[in-house]
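Visitor: I would like to learn how to read a structure like this one. Please take me through some features in turn.

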Amino acid sequence: MSTIHVRRLRLGAALVLLTYLILHFSNHALGIISLDAMAAGRWWFLALWRSTPGTLALYGALVIHGLLALWLLYQRRTLRMPAWEATQYALGLMLPALLVVHVVGTRIAWWRLGVDDPYTRIVLTLWVQAPEYGARQTLTLVLAWLHACIGVHFWLRFRPWYPRVRLTLFTVALLLPTLALLGFVAAGREVAALARTPGWTEAMLAAAHAPAPAVAAKLVAIRQGFLTAYLWALLAVLLARGIRRLQEWRRAVRITYPSGRVVAVPVGFTILDASRMADIPHASVCGGRGRCSTCRVRISHGLAQLPAATEAERRVLARVGAAPDVRLACQTRPPRDVTVEPLLAPSVAPADAFGTDLRQGHEQEVAVLFADLRGFTRMAEHKLPYDVVFFLNRYFEAVGSAITSAGGVTNQFTGDGVMALFGIEAGPATGSRQALAAARAMVQGVATLSAELAGDLPAPMRIGIGIHAGPAVVGRMGWGESFYLTAVGDTVHVAARLEQATKDHGAELVVSEDVARHAGLDLSAFPTQDLAVRNRAGRVGVRIIPHVADLPLQFL
Ligand code: FES
């Protein structure tokens with residue numbers, strides 16, 4: 001069975017168990033109303049889960065989820081993993097041992113021995129007769145819920161819509177077990193009151209066919225049998241891991257990282273396993289499940305010897321437009337020495353999963369904006385360094401927020417200069433309109449700041465802005481943690497030249513005809529010029545806008 005099928009099967013099983021848990025909690029929560037409401041809810045609950053399809057789905061999901069968990073434990077080459085994943089694993093491995101008591105005492109007792117398990121009998125046991133079991137059962141359900149919530153969070157967090165619903169889901173995740181717990185407490189009190197009525201307990205236990213001592217002993221034996229089998233299965237997996245480890249260490253491969261560090265790992269380890277084993281920070285937003293693409297690496301040596309990517313890996317790589325020499329570190333097990341280069345910063349956020357592979361750079365049409373503050377150098381000469389820093393930070397705040405509000409990406413703040421990109425996602429038409437809107441907001445922001453700081457300024461501040469649109473190579477550039485999105489190429493060069501031209505013409509804005517065309521804007525009312533650009537054949541047609549406020553408004 002391929003990895004993709006295993007993954008789907010596991011997800012399907014997990015979703016069945018999650019549905020069961022949600023309905024179980026909802027049924028408990030009815031205890032807030034009354035025991036009768038709980039019993040009525042239980043009728044529907046059992047109609048679903050004790051029907052033949054419900055039974056097959058539930059117990060099939062339990063078996064599949066459990067077996068796949070053991071299989072994945074065997075498959076993992078290293079047990080080093082992020083804290084969230086370790087928590088989910090630990091909870092998952094504990095749950096079968098904790099749940100077996102309840103499952104055998106209810107479902108198995110009903111199925112094999114004809115013992116009924118109405119809420120009254122179960123709550124009497126857990127609340128009145130053996131509250132320590134009640135505490136353990138409550139803890140078990142909370143841990144199962146936590147295990148499920150971690151799984152859901154790490155499953156959904158790459159979805160673009162997830163940030164919008166995260167708070168709602170978090171509220172539900174808190175509310176549901178809380179209500180279930182309150183329902184259990186309310187039911188416990190109600191049953192405790194009923195149990196004080198002479199004869200009620202005996203009558204209820206008789207009606208439910210409560211297990212006689214011999215039957216109870218049988219149930220304990222079933223429970224013990226399950227626990228022993230589970231522990232043996234766990235031990236067998238750990239033993240198999242140990243044997244495999246001994247065999248694998250006979251043949252090691254060397255993985256070389258960009259820093260020059262070489263990590264030797266047994267054949268069979270993934271590249272991500274190697275990074276984790278050697279404590280090399282490596283992005284792995286989905287925890288090495290081949291879902292997020294953030295672990296991707298460029299193989300600069302040894303690509304030909306790597307086993308072909310599975311269908312699942314190929315799909316993920318295709319989704320991010322990865323180059324042929326790029327592989328998922330969590331899915332690639334080098335049989336020979338390789339040299340790798342992680343393509344995303346270790347601190348990458350879930351939102352970057354499946355983003356275009358900007359680290360590799362690619363050519364696209366964008367609008368590029370350059371801005372510069374007039375006379376800043378002269379003004380700074382007469383100010384204390386702290387004042388200059390304060391002033392610049394206020395200025396960058398004003399222009400930076402204008403750029404991001406319009407949909408752009410601020411890219412460089414050098415001295416008093418700013419570079420920004422527009423249309424990376426939306427294309428040059430939207431990008432050009434956004435850049436023009438940003439220009440107008442920047443001029444307004446600088447005017448407002450100028451008025452605020454009028455007492456400290458020799459003259460009102462003025463800004464010069466140049467905008468050009470065209471093809472550029474866009475990508476994340478930098479090193480280590482210091483990656484930023486930027487663009488290089490002729491378009492950037494021209495945009496910088498247009499910003500300089502604003503000085504020559506005493507204008508607030510100079511835009512290329514290409515920007516006007518992309519934006520669908522008629523700028524024929526403004527003076528035109530063919531501008532020479534150094535090291536560039538051909539001239540650039542531009543429009544000179546003395547005051548940005550005079551731009552026609554229809555593009556906004
Ligand atoms: S860690 Fe997510 S795909 Fe490799």
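Guide: Start with a strand pair: strand β3 (residues 297-301) and β4 are antiparallel partners over 2 bridges. Two strands pair if DSSP finds at least two bridges between them. Helices (H or I, at least four residues) and strands (E, at least two) are DSSP runs, numbered from the N terminus. This is a predicted model, in which local features need pLDDT of at least 70 and side-chain atom pairs count only at pLDDT 80 or more, while totals for chains, interfaces and linings use all residues. Residues are numbered from 1 along each chain as its sequence is written, and side-chain values use heavy atoms, with hydrogens and water left out.

Visitor: Which residue in β4 is the bridge partner of Val 297?

Guide: Arg 327 is the bridge partner. The open sheet has 5 strands in the order β2-β1-β5-β3-β4, with mixed pairing. β2 (262-266) and β4 (326-327) are at the edges with a single partner strand each, so one side of each has no neighbour in the sheet.

Visitor: Which way do the residues of strand β11 point?

Guide: In a regular strand the side chains alternate between the two faces of the sheet. In β11 (residues 509-512), Leu 509 and Val 511 point one way, Val 510 and Ser 512 the other, and all are buried. Buried means under 20% relative accessible area, exposed over 50%, partly exposed in between (1.4 Å probe, protein chains only). β11 pairs with strand β13 (residues 540-545) in the antiparallel sense over 4 bridges, and Val 511 stands opposite Arg 543 there.

Visitor: How is a pair of packed helices read?

Guide: Two packed helices are described by the angle between their axes and the distance between the axes. Helix α4 (residues 83-113) and helix α9 (residues 213-248) pack at about 145°, with axes 10 Å apart. Axes are lines fitted to C-alpha atoms, for helices over the stretch in contact, and angles run from 0 to 180 degrees between N-to-C directions.

Visitor: Which residues of α4 and α9 meet?

Guide: Among them are Leu 93, Val 100 and Ile 108 in α4, and Leu 219, Phe 226 and Tyr 230 in α9. Contact means heavy atoms within 4.5 Å.

Visitor: Is Glu 499 buried or exposed?

Guide: Glu 499 counts as buried because its relative accessibility is 8%. Glu 499 lies in helix α15 (residues 490-505). Leaving aside residues up to four places away in sequence, Glu 499 touches residues including Phe 370, Asp 372, Arg 374 and Ile 465.
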